[in-house]
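Please keep the sequence and the 3D view at hand while reading.

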Amino acid sequence: MCLGTRTLRTTFPMMPIFRTQAALVTSLPWQPRSLRYRTDLGVRGPVDSTLGLTRLPRPWGSRATMPSETLWEIAKAEVEKRGSNGSEGDGVEIGEKSVFFIGSKNGGKTTIILRCLDRDEPPKPTLALEYTYGRRAKGHNVPKDIAHFWELGGGTSLLDLISIPITSDTLRTFSIVLVLDLSKPNDLWPTMENLLQATKLHVDKMMMKLGKTNSKAASEMRQKMWSNMQKDHPDRELIDPFPIPLVIIGSKYDIFQDFDSEKRKVICKTLRFVAHYYGASLMFTSKSEALLLKIRGVINQLAFGIDKSKSICVDQNKPLFITAGLDSLSHIGSPPVPDNDIGKLHAHSPMELWKKVYGKLFPPKSTNTLKDVKDPAKDPQYAESEVDEMRIQKDQICSVKKKYHHIIVRSLVHILET
């Protein structure tokens, strides 16, 4: 019997054996005691616990017939079928979703992911771009929903990596979770602005690319951008929804709640405006189990399509929890600055005005974020003697080549000049 390019032989030379999609199938007319029923592979039929062979009912008549496809051909056909179904843009719900965590360095992204996946393990620093996944059972004999979790490390220093997980093929399944460290208000706006701008720019490019190959799917995504905003909402003409679902999480609320009330007011109003402008949900969290459970519910809604919460809390003395579309500019109010100072702030847009007001109270630090990023190749926890030795040799060769390159260039220049 052929499996890919290898041939497997059994101890039953008289037993006709043929191939199926999920397991090796025998056409035994009888059922020995060692056979049991198995459903975990998605194929119903008796299974030999010693050989791992599944016998299905004969759909081809009284005599067994040998299918012509190999396992590889069947799997390839299934992948092509899924791809064609997912690219038609017919409104069918996609069974796999992706959640991309971006945000402040050491802001608690990993902790939130582990809590959502019920993993009781200490969080480790994220190295560049990391991936994990979770599954959720929907019922008996029903394929499980799969959620892909991506996490970008390094704060705003690795923006180029955003393009790796988000492509025109995966765009329809993605949601963004922006985690901001409330305990560092001076870094909050630059981190938020840089990450959202870079992500939006890339998503817009992928949206245009998708529109060229599947205009119907791209059109559906543009319509879905406005799904959280009621048609009669008074701010509908004043906002610019993010192209894919966005959730903004303020972490370390336990530290933030001890801030001066005026500072808390500015931060809360600013984040409410940004979230409302982008059509995003906004919520605060900490190590509190109750707050983490709320966040888990929101992430589950993004990852598995569970009904989202309709609750809302806009009290600046409590952890904010505002679902997308439930806030308004009239409730948020004007930027927290004296009326006589507003005229002195020249801004071309409401977003720019809020930025200037926020920066007046929390001026961004003029430090280069790239300096804080350590080279993972020199991190002791990833040391491998053989690989490191080869890396040293390669660096030495490159250094010699670079040196002779400059010598040759200078010689050629001298020849040309003379």
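Aspartate 181 lies in strand β11, which spans residues 174–181. The model is a predicted one, in which local features need pLDDT of at least 70 and side-chain atom pairs count only at pLDDT 80 or more, while totals for chains, interfaces and linings use all residues. Residues are numbered from 1 along each chain as its sequence is written, and side-chain values use heavy atoms, with hydrogens and water left out.

**Aspartate 181 and its surroundings**

With a relative accessibility of 2%, aspartate 181 counts as buried, a term that means under 20% relative accessible area, whereas exposed means over 50% and partly exposed lies in between (1.4 Å probe, protein chains only). The side chain of aspartate 181 is joined to that of serine 183 by a polar contact of 2.5 Å. A polar contact is a pair of N or O atoms within 3.5 Å; within protein, one must be able to donate a hydrogen and the other to accept it, and residues adjacent in sequence count only if both atoms are side-chain atoms. If its neighbours within four places in sequence are left aside, aspartate 181 is in contact with Ser104, Asn106, Gly107, Leu188, Ser251 and Lys252, where contact means heavy atoms within 4.5 Å.

**The protein overall**

The secondary structure comes to eleven helices and 15 strands; helices (H or I, at least four residues) and strands (E, at least two) are DSSP runs, numbered from the N terminus. Of the 418 residues in the protein, buried residues make up 36%. Among contacts between residues at least 6 apart in sequence, 67% join residues at least 24 apart.

**A mostly covered helix**

Helix α2, residues 109–116, has seven of its eight residues buried, namely Lys109, Thr110, Ile112, Ile113, Leu114, Arg115 and Cys116. These buried residues pack against strands β8 (96–103), β9 (129–136), β10 (145–152), β11 and β12 (246–251), and also against helix α7 (289–304).

**Helix pairs**

Two packed helices are described by the angle between their axes and the distance between the axes. Axes are lines fitted to C-alpha atoms, for helices over the stretch in contact, and angles run from 0 to 180 degrees between N-to-C directions.

| Helix pair | Angle | Axis distance |
|---|---|---|
| α3 (185–213) and α10 (350–361) | about 155° | 11 Å |
| α6 (261–277) and α10 | about 160° | 11 Å |
| α3 and α4 (215–224) | about 140° | 6 Å |

Angles under 35 degrees count as roughly parallel, over 145 as roughly antiparallel, 65 to 115 as roughly perpendicular and the rest as oblique. Helices α3 and α10 are therefore roughly antiparallel to each other, and α3 passes α10 in a left-handed crossing. A crossing is left-handed if the near helix is turned anticlockwise from the far one by less than a right angle, and right-handed if clockwise. On the α3 side, Pro185, Leu188, Trp189 and Glu193 meet Met351, Trp354, Lys355 and Tyr358 of α10. By class, this contact of α3 with α10 has six nonpolar, no polar and two charged residues, with Ala, Val, Leu, Ile, Met, Phe, Trp, Tyr, Cys and Pro counted as nonpolar, Asp, Glu, Lys and Arg as charged, and the others, Gly among them, as polar.

The crossing of α6 and α10 is also left-handed. Helix α6 contributes Lys263, Val266, Ile267, Lys269, Thr270, Phe273, Val274 and Tyr277 to the contact, and α10 contributes Pro350, Met351, Trp354, Tyr358 and Leu361. By class, the contact of α6 with α10 has ten nonpolar, one polar and two charged residues.

Helices α3 and α4, in turn, are oblique to each other. Their contact is made by Met207, Leu210, Gly211 and Thr213 of α3 and by Ser215, Ala217, Ala218, Met221 and Arg222 of α4.

**Backbone and loop details**

Most residues other than glycine have a negative phi. Which value does the phi of alanine 128 take? Phi of alanine 128 is near 60°, a positive value, and this residue, found in the loop between α2 and β9, is partly exposed with a relative accessible area of 28%. Lysine 252 likewise has a positive phi near 60°; it lies in the loop between β12 and α5 (253–256) and, at 26% relative accessibility, counts as partly exposed. In the loop between β10 and β11 sits serine 157, which is buried at 13% relative accessibility. A polar atom of the serine 157 side chain lies 2.7 Å from the backbone oxygen of glycine 154.
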